[in-house]
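Here is a short briefing on one protein chain. Keep the sequence and the 3D view open while you read.

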Amino acid sequence: MVIILVLNYDHQICELNYVDYLPCEVEIEKIKVTITPNPGVITYGDSFVIDSSDFTKYTITAASLIRNGDIRLAVLANGSLTFTVMDYEVGSDAGSYEIIPDYEWNESAIQNFNIFINTSPLKVNKKTIDIIWKIDNNNLTYGDVLPEVLATFKDINGDDVALDCFTVTPLGAAGTYRAYVSIPGQYRYNYVLPAQFSTASITIKERTVTKPVAVDKEYVFNGAEQIFELIENELDKDCYT
């Protein structure tokens, strides 16, 4: 903006002692204003919104002071400020995105401000899942068939997703064994297992067996001595001596 100052004087008094006046131009520069959003961090599946009234989410700085007021309030009073995230919507993959301010000045304010925009990153982290275990039967005795072990989690849409599940196979002995999981390949980009995720335990109890007792006794049938054989359970025969 250019202002022309013209100095008037009394010609009758000054014309004999002073030269005629010359115009003086004073240039008033626009105020340089910079808008910068704060970097953001959210989790996969979350929404991201910046309200222009929330000054904790972004900064507005000016190269010079303004008269009678806060530059932030002046900016909001003289235009419309919004924020968008490039290529992001709820459900977009985990990764890094760009927060971009968008400001539209009112016509009356354009002559007083120069607006400059800075962008900032938005980081979308993977979502930590909650594992839901299902074991058909965990009341096992040595020799029983191992139960089916299933594990699922709910995705951001609330749908059940099966995890890849595997069990440390018992090597023929009673004890406690663990089932572990991994996230299926198509979900690994956006989901992650807890740092200390729970495993499912399968306990196989010892089998109680009864050892046959041989008794010295003669059995006679139709005058002939009878000989008896001890027939053990196939599973338990190794327990007998």
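The points below go from the whole chain to its sheet, cores, rings and single residues.

This is a predicted model: local features need pLDDT of at least 70, side-chain atom pairs count only at pLDDT 80 or more, and totals for chains, interfaces and linings use all residues. Residues are numbered from 1 along each chain as its sequence is written, and side-chain values use heavy atoms, with hydrogens and water left out.

**The whole chain**

- The chain has three helices and 20 strands. Helices (H or I, at least four residues) and strands (E, at least two) are DSSP runs, numbered from the N terminus.
- Of its 241 residues, 23% count as buried. Buried means under 20% relative accessible area, exposed means over 50%, and partly exposed is in between (1.4 Å probe, protein chains only).
- The accessible surface comes to about 17,300 Å², and carbon and sulfur atoms hold 50% of it. Such areas come from the Shrake-Rupley method with a 1.4 Å probe; for residues, only the protein chains shown count as cover.
- Take the contacts with a separation of 6 or more: residues 24 or more positions apart account for 59% of them. A contact means heavy atoms within 4.5 Å.

**An open sheet**

- Strands of a sheet pair through backbone hydrogen bonds, either parallel or antiparallel. Here, two strands pair if DSSP finds at least two bridges between them.
- Four strands form an open sheet in the order S12-S18-S16-S15, with mixed pairing.
- Strand S12 (140–141) and S15 stand at the edges, each with a single partner strand, so one side of each has no neighbour in the sheet.
- S15 (residues 164–167) and S16 (residues 175–182) are antiparallel and share four bridges. Phe166 stands opposite Tyr180 in S16.
- S16 also runs antiparallel to S18 (residues 200–205), joined by five bridges. Tyr177 stands opposite Ile202 in S18.

**Nonpolar cores**

- In soluble globular proteins, nonpolar side chains tend to be buried together. A nonpolar core is a set of buried Ala, Val, Leu, Ile, Met, Phe, Trp, Tyr and Cys residues joined through side-chain atoms within 4.5 Å.
- The largest core has 31 residues; Ile35, Ile60, Val75 and Leu163 touch the most other members.
- Elements giving two or more residues to this core include strand S3 (31–37), strand S5 (58–62) and helix H2 (71–77). S7 gives the most, with four residues.
- A second, separate core has seven residues, among them Leu140, Tyr177, Ala200 and Ile204.
- Leaving aside neighbours within four places in sequence, Leu163 has contacts that include Ile129, Phe153 and Val181.

**Aromatic rings**

- Rings of Phe, Tyr and Trp (its six-membered ring) pair if their centres lie within 6.5 Å; planes under 30 degrees apart count as stacked, over 60 as edge-to-face and the rest as tilted. The count comes to eight aromatic pairs.
- How do the rings of Phe153 and Tyr187 sit? Their centres are 6.1 Å apart and their planes are at 90 degrees, so the pair is edge-to-face.
- This pair links distant parts of the chain, 34 residues apart: Phe153 is in strand S13, and Tyr187 is in the loop between S16 and strand S17 (191–192).
- Phe153 is buried, at 0% relative accessibility. Tyr187 is partly exposed, at 24%.
- Ring pairs link Tyr44, Phe153, Tyr187 and Tyr191 into a cluster.

- Ser92 sits in the loop between strand S6 (79–85) and strand S7 (95–105). Is Ser92 buried or exposed? Ser92 is buried, because its relative accessible area is 11%.
- Not counting residues up to four places away in sequence, Ser92 touches Tyr44, Asp87 and Tyr97.
- Asp87 lies in the loop between S6 and S7. Asp87 is exposed, with a relative accessible area of 66%. Its phi is positive, about 65 degrees, although Asp87 is not a glycine.
- Ser120 is in strand S9 (residues 120–125). Ser120 is buried, at 8% relative accessible area.
- The side chain of Ser120 reaches the backbone oxygen of Pro37 at 2.5 Å. Beyond four places in sequence, residues touched by Ser120 include Thr36, Pro37 and Tyr97.

Key
A polar contact is a pair of N or O atoms within 3.5 Å; within protein, one must be able to donate a hydrogen and the other to accept it, and residues adjacent in sequence count only if both atoms are side-chain atoms.
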